[in-house]
Every structure is written in structure tokens, then in C-alpha cells.
Amino acid sequence: MNKELIYNKVQAMLPEKRFIHSIGVASCAVKLSKIYNYDEEKCYIAGITHDCAKYLTKDEVEYYVHRYNIKLDELEVD
């Protein structure tokens, strides 16, 4: 995956403060990946994207749920 593309997309989706938080989470995830011998790139991507849906509208969430056939459990259904 292209980390720069993901970085830019997440930056466009999140307010500055939340994006800075996500960068910190990605950095921490990479440090943990080294300790636990996991793939650094995958951990970075998980960290940087962990809040990417936080500011989606209800319509945007519904669009992605239907587009990717995401199964929601009873707690996630609005």
C-alpha cells in the first residue's frame, strides 16, 4: 500500500487535532510492531487510519456499509 496516499487521505478526512493524534498512534503502533515482531507497515496503517471513519456522516456510513456489504451487529445498527 502507498503510505503517502493513505496519510494524505486521512489528513483530508480528519480535523487537524485528530490527525495529529492519529500520527502519534501510528508512531506508537510501529514501536510496538518492533517489540512484538509484527509488520511495521501494517501497524502504521492501522494506527494512522484507526479514526478515519470518526467524522463520516450517517449517509456516508450507510454508503460504505452497502458498497462493501459490511455486516453490522445489533450494537452498530442505528
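A nonpolar patch on the surface is formed by Tyr63, Tyr64, Tyr68, Ile70, Leu72 and Val77, which together have about 590 Å² of accessible area. Accessible areas come from the Shrake-Rupley method with a 1.4 Å probe, and for residues only the protein chains shown count as cover. Patches are made of residues with over 30% relative accessible area and no salt bridge, with like charges joined within 9 Å and nonpolar side chains (Val, Leu, Ile, Met, Phe, Trp, Tyr) within 5 Å. Ile70 counts as partly exposed because its relative accessibility is 41%; buried means under 20% relative accessible area, exposed over 50%, and partly exposed in between (1.4 Å probe, protein chains only).

The model is predicted: local features need pLDDT of at least 70 and side-chain atom pairs count only at pLDDT 80 or more, whereas totals for chains, interfaces and linings use all residues. Residues are numbered from 1 along each chain as its sequence is written, and side-chain values use heavy atoms, with hydrogens and water left out.

The secondary structure of the chain comprises 4 helices and 0 strands, where helices (H or I, at least four residues) and strands (E, at least two) are DSSP runs, numbered from the N terminus. The C-alpha trace spans about 40 × 25 × 20 Å along its principal axes. Of the 78 residues in the chain, 21% are buried.

A search of the whole structure finds 1 salt bridge, defined as a side-chain nitrogen of Lys or Arg within 4 Å of a carboxyl oxygen of Asp or Glu. Asp51 pairs with Arg18, and their closest N and O atoms are 3.0 Å apart. The pair links distant parts of the chain, 33 residues apart: Asp51 lies in the loop between helix H3 (40-49) and helix H4 (58-67), and Arg18 in helix H2 (residues 16-36). Asp51 counts as buried at 10% relative accessibility, whereas Arg18, at 25%, counts as partly exposed.

The largest pocket holds about 330 Å³ of space. Of the 13 residues that line this pocket, Val61, Glu62, Val65, Leu72 and Glu76 are the closest to its centre. A pocket is an open set of points on a 1 Å grid over the protein atoms alone, where a 1.4 Å probe fits, with protein on both sides within 12 Å along at least five of seven lines; lining residues have an atom within 4 Å of a point. Grid points are joined across faces, edges and corners, and the volume is the space filled by probe spheres set on the points.
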